[in-house]
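Please examine the sequence and the structure before reading each solution.

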Amino acid sequence: MDIKGLSIQDIIDMDWKDISRLNTQELKQLSMRLNSAANKRLRRLEKSGQAEWSSAYSHIQKSGGDFSIKGKETKAEIKSEIQRASNFLTAKTSTAAGTKK
């Protein structure tokens with residue numbers, strides 16, 4: 001599967017059955033794309049001063065901090081990180097505008 005051709009929203013919308021069929025290298029590529037987007041969003045929340053008001057941000061800080069696949073070798077560990085990033089990216093308070101509302 002060509003991960004580079006997928007948008008972040010395409011990845012988030014992927015069916016878990018399709019994700020489970022990916023090999024470890026494809027899962028890592030998928031996770032790295034999501035992790036990059038999620039980490040950028042974390043930095044934007046911090047820069048805007050909204051991090052302290054965002055429940056999504058505080059949840060991520062309590063559940064392991066920044067998104068990374070470093071040290072994660074099994075498919076289960078990588079899929080767990082994909083799920084964590086997907087949940088954050090779809091949370092309403094993961095953006096500065098969403099937090100302000």
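**Exercise 1.** In which helix is Glu-81 found? Determine also whether Glu-81 is buried or exposed, and list its contacts.

*Solution.* The model under study is predicted.

Step 1. Glu-81 belongs to helix α5.

Step 2. The relative accessibility of Glu-81 is 4%. Buried means under 20% relative accessible area, so Glu-81 counts as buried.

Step 3. Residues up to four places away in sequence are set aside; Glu-81 then touches Ser-31, Asn-35, Asp-66, Phe-67, Ser-68, Ile-69 and Lys-72.

Step 4. A polar contact of 3.2 Å joins the side chain of Glu-81 to the side chain of Arg-84.

**Exercise 2.** Locate Ser-68 and describe its surroundings.

*Solution.* Step 1. Ser-68 is placed in the loop between α4 (55-62) and α5 (75-90).

Step 1. Ser-68 has a relative accessible area of 32% and is therefore partly exposed.

Step 2. Apart from neighbours within four places in sequence, Ser-68 is in contact with Asn-35 and Glu-81. Ser-68 and Glu-81 are 13 residues apart in sequence, and their C-alpha atoms are 7.5 Å apart in space.

Step 3. A polar atom of the Ser-68 side chain lies 3.0 Å from the backbone nitrogen of Lys-70.

**Exercise 3.** Which residues of α4 are buried, and why can they be said to line one face of the helix?

*Solution.* Step 1. The buried residues of α4 are Ala-56, Tyr-57 and Ile-60.

Step 1. Viewed down the axis of α4, these buried residues fall within an arc of 100 degrees, so they line one face of the helix.

Step 2. On the other side of α4, His-59 and Lys-62 are exposed.

Step 3. The buried residues of α4 pack against α3 (24-48) and α5.

Step 4. At the N-terminal end, α4 is capped by Ser-54, which has a side-chain oxygen 3.4 Å from the backbone nitrogen of Ala-56. After α4 comes Gly-64, with a positive phi near 130 degrees.

**Exercise 4.** Describe how α3 and α4 pack.

*Solution.* Step 1. Two packed helices are described by the angle between their axes and the distance between the axes.

Step 1. For α3 and α4 the angle is about 120 degrees, and the axes are 11 Å apart. This makes α3 oblique to α4.

Step 2. The crossing in which α3 passes α4 is left-handed. Leu-42, Leu-45 and Glu-46 of α3 make the contact with Tyr-57, Ile-60 and Gln-61 of α4.

Technical notes: Residues are numbered from 1 along each chain as its sequence is written. This is a predicted model: local features need pLDDT of at least 70, side-chain atom pairs count only at pLDDT 80 or more; totals for chains, interfaces and linings use all residues. Side-chain values use heavy atoms; hydrogens and water are left out. Helices (H or I, at least four residues) and strands (E, at least two) are DSSP runs, numbered from the N terminus. Buried means under 20% relative accessible area, exposed over 50%, partly exposed in between (1.4 Å probe, protein chains only). Contact means heavy atoms within 4.5 Å. A polar contact is a pair of N or O atoms within 3.5 Å; within protein, one must be able to donate a hydrogen and the other to accept it, and residues adjacent in sequence count only if both atoms are side-chain atoms. The arc is that of the directions from the helix axis to the C-beta atoms. Axes are lines fitted to C-alpha atoms, for helices over the stretch in contact, and angles run from 0 to 180 degrees between N-to-C directions. Angles under 35 degrees count as roughly parallel, over 145 as roughly antiparallel, 65 to 115 as roughly perpendicular and the rest as oblique. A crossing is left-handed if the near helix is turned anticlockwise from the far one by less than a right angle, and right-handed if clockwise.
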